[in-house]
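Hi,

Here is the structure I said I would pass on. Have a look at it first, and my notes on what turned up follow below.

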Amino acid sequence: MHLLVGAAVAALTLSACGDGGTQGGSGNTNFVTGKNGIAEVGKAERVAAPKLEGKGLDGKPLSLNDYKGKIVVLNVWGSWCGPCRVETPYLVKVAKELKPKGVEFVGINTRDFNKGPAVKFEEEHGVEYPSFYDPSGKLILRFPKGSLAPQQIPSTIVIDKDGKMAARALQAVNDKQLHQMIDPLLAEK
């Protein structure tokens with residue numbers, strides 16, 4: 001098990017702070033990544049998001065199940081990641097804008113082996129939504145193979161109201177890209 005976790009952390013290290021590209025969409029994945037770096041899955045082909053439970057950066061219990069019935073924007077980030085610093089103001093802006101519409105944002109802070117820099121990052125950027133504290137990347141390993149799994153840092157995954165993964169960006173995102181991922185889900189019945 002330790003070897004598997006080590007391999008996954010090594011893979012994330014090699015792909016950390018990526019520029020986005022157009023990975024995925026080949027084989028039997030049922031998703032296509034567009035030229036904008038956003039992969040989307042049709043409603044009928046979506047798979048359930050993994051069960052994510054743990055402690056937040058604030059030390060309190062945090063569970064993805066707490067957001068059942070809501071659209072969830074899940075962002076994987078690290079305080080040490082340059083592209084994460086670029087995208088965070090957009091995440092904060094859209095989180096505030098869409099919260100009244102039932103959209104929740106949750107972070108997964110990874111590879112910050114001390115909480116201090118991650119907490120300071122959130123304070124400096126005005127992040128008000130919770131983040132899992134996942135220094136070793138164990139939560140990231142829970143995403144099913146062939147799904148819209150986070151494959152680099154930053155990654156953003158949008159989960160629909162049914163708890164299924166609908167869209168993913170393997171790059172820093174801006175407000176326009178976030179709306180491109182979220183707005184179609186707000187329109188779904």
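Thr 156 sits in strand S8, which covers residues 155-159; helices (H or I, at least four residues) and strands (E, at least two) are DSSP runs numbered from the N terminus. Before going on: this is a predicted model, where local features need pLDDT of at least 70 and side-chain atom pairs count only at pLDDT 80 or more, while totals for chains, interfaces and linings use all residues. Numbering starts from 1 along each chain as its sequence is written, and side-chain values use heavy atoms, with hydrogens and water left out.

Back to Thr 156. Thr 156 counts as buried because its relative accessibility is 0%; buried means under 20% relative accessible area, exposed over 50%, and partly exposed in between (1.4 Å probe, protein chains only). Its side chain makes a polar contact with the side chain of Asn 75 at 2.8 Å. By polar contact I mean a pair of N or O atoms within 3.5 Å; within protein, one must be able to donate a hydrogen and the other to accept it, and residues adjacent in sequence count only if both atoms are side-chain atoms. Leaving aside neighbours within four places in sequence, the residues in contact with Thr 156 include Val 73, Leu 74, Glu 87, Ala 167, Leu 178 and Met 181, contact being heavy atoms within 4.5 Å. Trp 77 is 79 residues away from Thr 156 in sequence, yet the two C-alpha atoms are 8.9 Å apart.

Now the overall picture. The protein chain has four helices and nine strands, running α-β-β-β-β-β-α-β-α-β-β-β-α from the N terminus on. Of its 189 residues, 49% count as buried. Among contacts with a separation of 6 or more, 70% are between residues 24 or more positions apart.

Helix H2 (residues 82-98) is worth a look. Its 17 residues should span 24 Å at 1.5 Å a residue, and the end C-alpha atoms are 25 Å apart, which agrees; the expected span is 1.5 Å times one less than the number of residues. Even so, H2 has a kink of about 35° at Thr 88, shortly before Pro 89. The bend at a residue is the angle between axes fitted to the seven residues ending there and the seven starting there. The buried residues of H2 are Cys 84, Glu 87, Thr 88, Leu 91, Val 92, Val 94, Ala 95 and Leu 98. They pack against strand S5 (71-77), strand S6 (103-110), helix H3 (115-125), S8 and helix H4 (175-187).

H4 also bends, by about 30° at Met 181, and Pro 184 follows within four residues. Its 13 residues should span 18 Å at 1.5 Å a residue, and its end C-alpha atoms are 18 Å apart, in agreement. At the N-terminal end, Asn 174 is the cap: a side-chain oxygen lies 3.0 Å from the backbone nitrogen of Lys 176. The buried residues of H4 are Gln 177, Leu 178, His 179, Met 181, Ile 182 and Leu 185, and what covers them includes strand S2 (38-40), H2 and strand S9 (165-169). One of these, His 179, makes a side-chain polar contact with the side chain of Glu 97 at 2.6 Å.

Last, some backbone details in the loops. The peptide bond from Ile 153 to Pro 154 is cis, with omega near 0°; Pro 154 is in the loop between strand S7 (131-134) and S8. Arg 111, in the loop between S6 and H3, has a positive phi of about 65° although it is not a glycine.

Cheers
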